[in-house]
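Hi,

Here is the model I promised to pass on. Have a look, and my notes follow below.

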Amino acid sequence: MTTISVGSPRHLPADSRRLVVGALGVVYIGAAIFCFAQCFLAEKFSEIQLNLACSAFSIYLYLESRRLILSSDSLSALSPAVLSSFFVFFASYTLQSSVMIFDEKFRMDYMFLFYDFYESFLYSIFICFGACFVMWRGYYIGSKIASGLRNSLIQSQFIRKNLHPNMISIFFLQLIYIFGVLYSIKNGIFGFSANKIRIEENVSAMEFLNLAIGAGTFALFLLALSYFQLRKSGGKAAAMGAMTLVMAAVMVCVGAFSGFKSQLAVPFIVIAAAAFVVLKRIKYQYIIYGILALIVAYSIIEPFRSYLGRNPNVQPDSVSEMVDVLQKSYGERDRYQRAETPVLLSITSRLDVLGQTAVAIDYVDAGRLDPTIAEWMAEAIYLSPILAFLPRAFWPDKPSYSTGVWFNQHVRGSWYDSRTAVGMGPVAYLYLVGGLTGVLLGFFCIGILQAVIFEGVGRAGPGGLIVYFSVAMPLALLPTDLGVVLTSLIRMLPIAFLAQYFVLLPGRTRLSPTPPRQAPR
């Protein structure tokens, strides 16, 4: 039987951990050096301060991630704290300082909003640093809480001890995924082409769509796990590999239909995560494939979204119509294309959350925030357990919390635009809810939650690992609407526990019950 280790670090080679730490070091330290080098090109003292702060923040993120991974095991590279440090605090906040030197439009946009936008960005970076710092402190405190939960789950008969999936269950999950996507397209509630009126009429169906998308991602992960386990054990993996490839291709196509560029990269990230769990090493080719998919997405999806924007009456309600719209939009791309912008610069500028955070902080500090809006946003968080389980049939006026359009109209000042939703990021969201105190308290609780789910559930054996991966993406990427994220997470956890029990085969893999060592605080 294949052995899948998720326990003590002595069961995993130190070289694996050092490779992960080395890869992170190249990115973080490289970015820190680049930010520091920009100081010599700066024209204002506040710009120098901002670059120095971003450089120091990059080094701090590296040291926190390095400490956890080297004191534990290579699986810690998939910890939500490590992933949040990279995808949220590094890619979405710190990286923007490096982009500004190349993007004149980016700088001009904020010059009209702030007397000295470098100073405003610097203040935002300090708040982000504080948020990250308390998140990590919460994570280590949560790890102590998680140890008791982990031991209980290891002894439980409800958590599967075998990482070999039931192929019939995978097939069933794939059917749910495909049916959910087709149903959503047919009813005009899928992706960027969705009709706003139909979305309001089918709120419950939107919840089903989210579960269906999750089922598809779950099925791909299980297929990839089976494929890499067969390869590792020397079995015949060609058929399993072909099934994994087909499922990934379907998800890429669905991502293109959705009109959201990141969805094209998700299948490759899922496969890379499965490879890491089984092989205990990073399969860089899948990460490269994901980056290439993201680059290709900009040449396909940007014209697609632009075409739908120019033709609001075009609402495809079948796969064939989706393909037809994609072809037409791609054929017209040169006619409506704006000034040429490098693709990589377009990608990084789309990650601009630091600028939105600065705008939100200024909005609050200037006293322009309506207190009822802050209460409404806080309500989405503390009512999340009720929102997660109370069906709309018993609560006809059950509210839907989405801040994107409101933020664009009221905070950014685009009052005339009722369609565009702008993500402000989790730091700005919590600042709007409770100022600096809200940010620090919120991220401290996020750190505890991350530790309880990863260290307490994810390390409780193969079944626990499946539960963790079911909620890993929102837990690590921390989308803007934290109340909605928390509601989805609470709703998904019991479903994930049931799924791992029925999807994984009975049996046992040889797992160490020894908990991983924690880095000293």
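Predicted model: local features only at pLDDT ≥ 70, side-chain atom pairs only at ≥ 80, totals over all residues.

How much space lies in the second largest pocket? About 350 Å³, where a pocket is an open set of points on a 1 Å grid over the protein atoms alone, with a 1.4 Å probe fitting and protein on both sides within 12 Å along at least five of seven lines. The volume is the space filled by probe spheres set on the points.

Numbering runs from 1 along each chain as its sequence is written, and side-chain values use heavy atoms, without hydrogens and water.

Back to the pocket: 18 residues line it (an atom within 4 Å of a point), and Ile381, Gly442, Ile446, Leu482 and Leu486 lie nearest its centre. Helix H19 (426-458), H20 and H21 each give two or more residues to that lining, with the largest share, nine residues, from H19. Helices here are DSSP runs (H or I) of at least four residues. By class, the lining has 14 nonpolar, four polar and no charged residues; Gly counts as polar.

Then there's Leu478, in the loop between H20 (462-477) and H21 (482-503). Its phi is near 45°, positive in a residue other than glycine. Leu478 has 5% relative accessibility, so it counts as buried (under 20% relative accessible area, 1.4 Å probe, protein chains only).

Cheers

Methods
Buried < 20%, exposed > 50% of the residue type's maximum accessible area, 1.4 Å probe, protein only.
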